[in-house]
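Let's take a friendly walk through this protein together. Have the sequence and the model open as you read.

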Amino acid sequence: LRSETFNNNNNNNNVPSPALCLPPSILIVHGALDKVVPYTSALNVTKVLHEPTTIGHNDCRLELLPTTGHADTVLDIMMGGPTQDVVLDWIYQ
């Protein structure tokens with residue numbers, strides 16, 4: 001880690017800041033009409049991320065989009081649509 005990632009508490013312990021130890025926010029977006037990857041896979045990933053036996057991630061959000069299919073998620077991000085709306089709301093929160 002670079003030196004600025006450590007606390008500067010004048011005793012040279014080089015202890016990482018607690019904020020650096022927290023996992024990042026996670027947004028999982030999945031289309032309910034996806035015929036390639038079932039939306040239940042997104043449910044399972046979200047469940048695992050919330051389990052205390054794994055990482056107990058508290059800042060994980062799942063958005064299931066009822067009218068979105070597999071390729072729609074990427075196209076929506078590029079051209080506008082429900083996926084882009086959800087992602088931008090999450091970024092700006």
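Accessible areas here come from the Shrake-Rupley method with a 1.4 Å probe, and for residues only the protein chains shown count as cover. On that basis the protein exposes about 6,700 Å², of which carbon and sulfur atoms supply 59%.

Please keep in mind that this is a predicted model: local features need pLDDT of at least 70, side-chain atom pairs count only at pLDDT 80 or more, and totals for chains, interfaces and linings use all residues. Residues are numbered from 1 along each chain as its sequence is written, and side-chain values use heavy atoms, with hydrogens and water left out.

The predictor's confidence in each residue, pLDDT, runs from 0 to 100. Its mean for the protein is 79, and 68% of the residues reach 70 or more. Over residues 1-9 pLDDT stays under 50, and the model has eleven contacts (heavy atoms within 4.5 Å) beyond four places in sequence for them. Where pLDDT is low, the predicted coordinates should not be read in detail.

Now for the fold. Helices (H or I, at least four residues) and strands (E, at least two) are DSSP runs, numbered from the N terminus. There are four helices and two strands, in the order α-β-α-β-α-α along the sequence. Of contacts between residues at least 6 apart in sequence, 48% join residues at least 24 apart.

Buried means under 20% relative accessible area, exposed over 50%, and partly exposed in between (1.4 Å probe, protein chains only). Of the 93 residues, 22% count as buried.

| Residue | Relative accessibility | Class |
|---|---|---|
| His30 | 11% | buried |
| Arg61 | 26% | partly exposed |
| Glu63 | 23% | partly exposed |

Which residues of helix 2 are buried? They are Ala42, Thr46 and Leu49. Seen down the axis of helix 2, its buried residues fall within an arc of 65 degrees (taken from the directions from the helix axis to the C-beta atoms), so they line one face. Their cover includes strand 1 (26-31) and strand 2 (60-65).

His30 is found in strand 1. Leaving aside residues up to four places away in sequence, His30 touches several others, among them Ala42, Glu63 and Leu65.

Glu63 has another partner: Arg61 forms a salt bridge with Glu63 (a side-chain nitrogen of Lys or Arg within 4 Å of a carboxyl oxygen of Asp or Glu), the closest N and O atoms being 2.9 Å apart. By this rule the count comes to one salt bridge.
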